[in-house]
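Dear colleague,

I am handing over the structure we spoke about, with the sequence alongside it.

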Amino acid sequence: MNKRLMTPGPTPLPPQVIKALGQQVLHHRTKEYADVLASLSSGLKYVFATDYPVVTLTASGTGGMEAAVANCFRPGDRVLLVSAGVFGDRFYDICRCMGLNVTKLDVSWGKGIGAAEVLSHLTGDEKGVIVTHNETSTAARSDIETIGKALKGTGMFYIVDAVSSLGGMEVRPEDWGIDIVVTSSQKALMCPPGLTFLSVSQRAMEAARKNTSRRHYWDLCKAVDFLSKQPPQHPFTPAVNIVMASLEAVSLIQKEGLENVWQRHKRMGEMAREGVKAMGLELFADEKYASDTLTAVKVPEGIDGQEVIGRMEEDFGIIIAGGNRSLKGKIIRIAHMGYISEGDVLDTLKALEETLVGLGRPVDAGKALAVAKTIMDTGGTKQ
Ligand SMILES: Cc1ncc(COP(=O)(O)O)c(C=O)c1O
């Protein structure tokens, strides 16, 4: 049975990406590789909707998060860190490891945050604000646009973890005043794990050049300077084949059109949410903060979440995720990001319905599919 990854990373690979991964490796100091890197960098600017340089580092998304902190801040700097779940907590740990003076603003799991709440927690001493756009552990998004617009002109650095949103949800670094946006290859960007991509504002670059705090591999000045060389390069040996694969993935997004890609994710999110609700299930995240790239669902009383996940895989070949930490066994997470279509969402809803029936939960047969299909056919709610 072919397995389908409806998980929030890694996500399925398009055939073009798989083909690129199987190519003979290129030497990273050749003209041939430089052409790939040049095309990837301009494609990434399209996908990031930015004119800032977008650097590619060989690391998972966590490495990109650490790079952002290491370049913008010095040990002892005060920052406000918003945490709405596991990945916000991870960013907090990184800031602490790097010696920052971090104030953690905990948001209830399943909710996001907007400008007013962030502003009300600032003391005036902060050098920066760090927010997770799409908290993958809860499927809730924060309003990074209003936060960024409110922070414009304050002089603070604004860093956004867009690891599970970029390429599936709207992000606009310049308009929204985001100094560094971090994402990684294995989610909406349809590649295997191994690369992290960061857009870096002029201000962040200027600060990084004056910042002598400890870093070497994570030096974004080096990364941007090497990218600006003719021909472009990386300071260190990159994961060459994943870079080649990323160029294919980015080209697919360019072909579909970024706004269409965002709309597809929005539609799939709506289908998933309305579908599970039609099954009589409850969403974990407050719908006001609903994510377009994944949906978290409360497991009904008397049913074991791990059993649902196991049966979905065994009986239908559909792999979904469970909850992290205190949510283990209590929620299931269905991702709909990257190389995933509305048809995949329908198949997942059908498999979930049959799984629940198999576990003795009465479900209105076919209702979820009918609701989701209507959204698919009518195109969902347009922004
Ligand atoms: C929102 C978010 N931030 C950060 C990360 C960490 O990324 P990585 O696992 O690529 O290090 C993840 C991974 O799932 C994530 O979803």
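This is a predicted model: local features need pLDDT of at least 70, side-chain atom pairs count only at pLDDT 80 or more; totals for chains, interfaces and linings use all residues.

The protein chain is divided into domain 1, residues 15-256, and domain 2, residues 257-378, and the centres of the two, taken over C-alpha atoms, are 28 Å apart. Contact between them involves 33 residues of domain 1 and 29 residues of domain 2, and together the domains bury about 2500 Å², of which 57% is on carbon and sulfur atoms. Of the area that domain 1 buries against domain 2, 24% is supplied by Ala139, Arg141 and Glu256, more than by any other three residues.

As for the polar side of this interface, the count between the two domains is five salt bridges, and 19 residue pairs are found in polar contact across it. On the side of domain 1 that touches domain 2, α2, α4, β7 and α9 each supply at least two residues, with the largest share, four residues, coming from α9. The residues of that side divide into 14 nonpolar, 11 polar and eight charged. Glu256 also forms a salt bridge with Arg264, in which the closest N and O atoms are 2.7 Å apart.

The count of salt bridges comes to 26. Among them, Asp347 and Arg4 meet at 2.8 Å, N to O, and this pair links distant parts of the chain, since Asp347 is in helix α12 and Arg4 in strand β1, 343 residues apart. Asp347 is partly exposed, with a relative accessible area of 33%, and Arg4 is partly exposed at 27%.

Asp225 and Arg209 meet in a salt bridge at 2.7 Å, N to O; Asp225 lies in helix α8 and Arg209 in helix α7, so the pair ties together parts that are 16 residues apart in sequence. In the salt bridge of Glu287 with Arg273 the closest N and O atoms are 3.8 Å apart; here Glu287 is partly exposed at 38% relative accessibility, whereas Arg273 is buried at 13%. A network of salt bridges links Asp89, Lys104, Asp106 and Arg325.

Finally, Ala204, in helix α7, counts as buried at 2% relative accessibility.

With best wishes

Definitions and conventions. Residues are numbered from 1 along each chain as its sequence is written. Side-chain values use heavy atoms; hydrogens and water are left out. Domain bounds come from an automatic or database domain assignment. Contact means heavy atoms within 4.5 Å. Buried area is the accessible area (1.4 Å probe) that two parts lose on being put together, summed over both. A salt bridge is a side-chain nitrogen of Lys or Arg within 4 Å of a carboxyl oxygen of Asp or Glu. A polar contact is a pair of N or O atoms within 3.5 Å; within protein, one must be able to donate a hydrogen and the other to accept it, and residues adjacent in sequence count only if both atoms are side-chain atoms. Ala, Val, Leu, Ile, Met, Phe, Trp, Tyr, Cys and Pro count as nonpolar, Asp, Glu, Lys and Arg as charged, and the others, Gly among them, as polar. Buried means under 20% relative accessible area, exposed over 50%, partly exposed in between (1.4 Å probe, protein chains only).
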